[in-house]
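Morning, everyone. Please have a look at the model on the screen. I'll talk through some charged pairs and then a metal site.

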Amino acid sequence: MNQPESQFLPPEGVTPLDQASELVRLADARQPRSSRVMVRDLLDRGFLEAEDSAWLARPVSPLDPRTGFDRVEGMLLGLAIGDALGRPEGGAGWERRARFGERRDYLPNTHTGLPLGYPSDDTQLAFWTVEHLLAHGHVEPEALARAFTAGGRIFGIGHTVREALGRLKRGIPWEKAGPRSAGNGALMRIAPVLLPHLRQPSPDLWSDALLAGMVTHNDRASNASCVAMVRVLWDLLSMQSAPDPSWWVQAWVEPAREIEGATRYRARSPRFSDWDGPLWRFVEEQVPAALARGLDDVDDTGWHSGAYLLETVPTVLFLLSRYGDDPEEALVRAATDTWDNDTVAALVGAAVGALHGRAGLPRRWVEKHSGCIRRGDDGTIFRLLDQARERFWDRT
Ligand SMILES: [Mg+2]
């Protein structure tokens, strides 16, 4: 019978060469290309702003067997809660305190009038990444870039993300689309890249952080921060109690130093006007010094708390070192006292959520979150968390 053989013959009009590349494509689809291989290739071609570091091959320890999915939910809900508590965003902490008092609850939303948790860009892009991971099973940067451009209206979009998405829409390939910007717009949405690694961690975790981040921000401080944040979150998921306050900076700087390398960023704040160097060094020098001064208000550190990573990262690490054992206070301080308060609170929220779990977050903040990631799609966040549990946790 020649029927079994016929399936190997190309259909009419298809050359054997087309067929061969189709077979390669099918093989690739069955066994996705490792993120490390992609990162290796991007580094070789000079497309990725990062040091070619041994950290990228560093093994990732399995999670503690006592860790439940509650911690993963806490991480992603903490991000959404922090973002929502920070709305309306921006402005000086002292001004915001005078106008609204402390941010202990969601303020009435300007569109719905309801005092519920609503997302801005931080939550939207993070949960669009969750959708992407559910669809693809791993980070596919080209498809992730497409998801960001096609996801709908982004509330409070930052100018670097706007520029990156504009380039993508004009047909610029994803690996060339991310501006060299040290803003916090990639870092704020990076937490979901842990999801595909929960059951079978591999060093691909570090490369996934780089690939997902560089889609909108291809900058050494940003790329190093994405890996450092993922490292901190991963370690937090297995902790049984809050770490020593000195842990946060150490855990951050260890990968950040290797991946950022010897860069020279300048601080914007007048108090640090003569400072220049790598972000990791600013963090390593200034955060422990501010903690040693016994400060409660991050505004008193003088490094400012805006969207520039030289401000966001020390602010987040200061708040976590100071208040990491108390998720409510950490989030209230982040949402009340800082300039880019929604993003600072989203980052602090992801960390305290990973450490204390969903059950450790104030219940009113979870219950009063709308679950929106697009206008009118209430409850989506909670549905995506259920799907993420089924896909990346229950199915071993
Ligand atoms: Mg925002």
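Asp235 and Arg231 pair up in a salt bridge, at 2.9 Å from N to O. This is a predicted model, by the way. Why do these two sit about one helical turn apart? Because they are four residues apart in helix α11. Arg231 is buried, at 9% relative accessible area. Asp235 is partly exposed, at 25%.

Some background. Opposite charges on side chains can pair when the charged atoms come close.

How many salt bridges does the structure hold? It holds 26. One of them joins Glu51 to Arg220, with the closest N and O atoms 2.6 Å apart. Glu51 is in the loop between α3 and α4, and Arg220 is in helix α11, so this pair ties together parts 169 residues apart in sequence. Glu51 is partly exposed, with 35% relative accessible area.

Next pair. Arg264 and Asp276 form a salt bridge, 2.6 Å from N to O. Arg264 lies in the loop between α12 and β1, Asp276 in strand β2, so the pair links parts 12 residues apart in sequence. Arg264 is exposed, at 67%. Asp276 is partly exposed, at 26%.

There is also a network. Shared partners connect its salt bridges, and its members include Glu102, Arg104, Glu328 and Arg364.

Now the metal. Which residues coordinate the magnesium ion? Ser120, Asp121, Asp122 and Asp342 do, at 1.9 to 2.3 Å. Asp122 is in helix α6 and Asp342 in helix α16, so the two tie together parts 220 residues apart in sequence. Asp122 is buried, at 0% relative accessibility. Asp342 is buried, at 0%.

Note on methods: Residues are numbered from 1 along each chain as its sequence is written. This is a predicted model: local features need pLDDT of at least 70, side-chain atom pairs count only at pLDDT 80 or more; totals for chains, interfaces and linings use all residues. Side-chain values use heavy atoms; hydrogens and water are left out. Donors are N, O and S atoms within 2.8 Å of the metal (3.2 Å for Na, K and Ca); water is not among the atoms, so sites may look incomplete. Buried means under 20% relative accessible area, exposed over 50%, partly exposed in between (1.4 Å probe, protein chains only). A salt bridge is a side-chain nitrogen of Lys or Arg within 4 Å of a carboxyl oxygen of Asp or Glu.
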